[in-house]
Amino acid sequence: GMFRKTLFKVIFVIILFCSLLSIPVFAEEEIYRIAYLKQFYPFQEMGDTGAEGFIIDLLNAIAKEERINFLYQPMSLHEAIIALKEGEIDAIAGLKYTANLDEQFDFSEPFTTVSHCLIVKTDNRSIESLADLGDSVVGIERGDEGLNILRDVRDVHLIIANSQDEAFRLLRLNRANAFLGNSLFAKAYLQNNHIEDEYKIIDDMILPSDYALAALEGNKDLLTRINQGLIKVRVNQEYQRLYNRWFGWENNELAERLREIIIILIVILSIILSYSFHTIYWNKRLKREISNHTTELKRTNDLLKDKIEEEKKLRSKLVYKEKMQTLGQLVAGIAHELRNPLTSIKTFVELIPLKFDNERFRKEIAEYVPKEINRLNLLVTNLLDYAKPQEPKKVNVQVKECLASVLTLFQLQFQKNRIKLLTDIDPSHYVYADYNQTKQVMINLLLNAMQAIENQGEIRISANRVEDQVFIIIEDTGKGITEDKLPYIFEPFYTDKKNGTGLGLSLSLQYLKENEGDLLIESSIGNGTKATVILPKGVVEHDSKAPSTSH
């Protein structure tokens, strides 16, 4: 009996010991010490509840995806760099990438791209560029990359502040004549303090560069996890949601420059066309008098032909030059849209040697990489459509597809201007017209609608078929047009816009008339504007695209 009891006790102890061994031991999540800048809104700052800003929210989203923890410590830029060098922290939340810093630290994939800007008071007429800063006092943050530029300006006087916020305050207190610093910080500062009218931005494309997490050289584990998490938040759209939250107010200056270039191009083309029509008219009139002025007419006609050839060559050069400049601005306006899929694809490719045997990784790369490639293809396709030569050629154009290629170019502008877009286009609606001219009419009308909405509003686009015609309707909730101006809106060069040329509606009507169509405008003050494009009905194509939409 004693032996049996002893045996049971031994068996019980063995079973208990094995059970304890089988209990999994969960390792604690790794904690990284991250320094963030105390006064660098909207990227990072010390708020009422601790660390705040776009980069902080982005790091928290990455930490959630990668199951790691960050311990945030507020510092000035100068303090953060010293602390990282001495190993007191593991990384700096967001630091501008420079060749000098790259020799000291390792950087993650970029979070965003930002440039510097120069700001002065609105009534300051003596400073119009960086070159005018001689004998002026400039406020700038300690350690800012812009110091290298200012040191090349003769006789400029610098006041070094401990933060961007303090540097801008020097300008507000009249201790400095100008501020040089991060453009998104400056715009947010002006907006939050309601002083946009008191200051002007001289140049906001100085030193464009990337902002990323900076760590000590060799800290590959942290950087790898940051880069992996960055891919995930870009793919699941969390990155875009955070960007819109913190920078949704930003004005799209690049889009405004594109608009100005397009207007200049239209003016030049209109002048050339007007001159050409005038020349042809007089040429026909001279031909009617050929019997009485044979010799004189021949000499004049030869001169006119030479002139027309010269004008055609000049027109081709101007069209090519302006179109290349326009495309350059358009590419710059959607550069960050191209960066997102490229970054995702690049990181997946770099991880293939390390994780190819991982079934989940292979599933993710098969799912995400084709999606990112399709996004790139769509952006490039729409750019090629815009760059295609404007040779009139009537084809069957699917209204929904044509409009979609135009809206792709406006997507960022609508987001930045808080414009809600509603579309109701049946895929069966086709028109018989020149594809590129139809697209240009849509661009002109959407530009007008967007400019009429001063802050926040709505654009509604619909289409319907009436007998042998298709009606495309674009309605906005903008300020509208006064009754006394409505009869003159189609006249060339008639405009009430500060920087307008008055050629958009005139040229749109001309294009539609050439395609046996028409344009109707209905508007009143406070009730918005309704533009109706009328074009001949096309043939519905079920299995193929219109010839002009293929590549």
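At what angle do helix α15 and helix α16 pack, and how far apart are their axes? The model is predicted.

**Close-up 1. Helices α15 and α16 pack against each other.**
Helix α15 covers residues 435-452, and helix α16 covers residues 504-514. They pack at an angle of about 150°. Their axes lie 9 Å apart. Angles over 145 degrees count as roughly antiparallel, so α15 is roughly antiparallel to α16. The crossing of α15 past α16 is left-handed. On the α15 side, the contact is made by Q437, Q440, V441, N444, L445 and N448. On the α16 side, G504, L505, S508, Y511, L512 and E514 take part. Sorted by class, this contact has five nonpolar residues, six polar and one charged.

**Close-up 2. Five strands form an open sheet.**
The strand order is β14-β16-β17-β19-β18. The pairing is mixed. β14 (419-424) and β18 (518-523) stand at the edges. Each of these two has a single partner strand, so one side of each is left without a neighbour in the sheet. On average, neighbouring strands are turned by 15° against each other, direction ignored.

**Close-up 3. Strand pairs inside the five-stranded sheet.**
Start at the edge strand β14. β14 and β16 run parallel and are joined by six bridges. Here I419 stands opposite G457 in β16. Next come β16 and β17, which run antiparallel with eight bridges between them. I461 stands opposite I474 in β17. I474 also has a bridge partner in β19, namely A531. β17 (residues 469-476) and β19 (residues 529-536) pair in the antiparallel sense, over eight bridges.

**Close-up 4. The hairpin of β16 and β17.**
How many residues sit between the two strands of this hairpin? There are two. E467 takes a positive phi near 55° in this hairpin.

**Close-up 5. Three strands form an open, antiparallel sheet.**
The order is β2-β3-β4. Which strands stand at the edges of this sheet? They are β2 (39-40) and β4 (50-52), and each pairs on one side only. β3 (residues 44-47) and β4 pair in the antiparallel sense over three bridges. The bridge partner of E45 in β4 is E52.

**Close-up 6. A salt bridge joins R225 and E30.**
Side chains of opposite charge can pair when their charged atoms come close. The side chains of R225 and E30 meet at 4.0 Å, N to O. This pair links distant parts of the chain, 195 residues apart. R225 is in helix α8 (residues 220-235). E30 is in the loop between α1 (2-22) and β1 (31-37). The count of salt bridges comes to eleven.

How values were computed. Residues are numbered from 1 along each chain as its sequence is written. This is a predicted model: local features need pLDDT of at least 70, side-chain atom pairs count only at pLDDT 80 or more; totals for chains, interfaces and linings use all residues. Side-chain values use heavy atoms; hydrogens and water are left out. Axes are lines fitted to C-alpha atoms, for helices over the stretch in contact, and angles run from 0 to 180 degrees between N-to-C directions. Helices (H or I, at least four residues) and strands (E, at least two) are DSSP runs, numbered from the N terminus. Angles under 35 degrees count as roughly parallel, over 145 as roughly antiparallel, 65 to 115 as roughly perpendicular and the rest as oblique. A crossing is left-handed if the near helix is turned anticlockwise from the far one by less than a right angle, and right-handed if clockwise. Contact means heavy atoms within 4.5 Å. Ala, Val, Leu, Ile, Met, Phe, Trp, Tyr, Cys and Pro count as nonpolar, Asp, Glu, Lys and Arg as charged, and the others, Gly among them, as polar. Two strands pair if DSSP finds at least two bridges between them.
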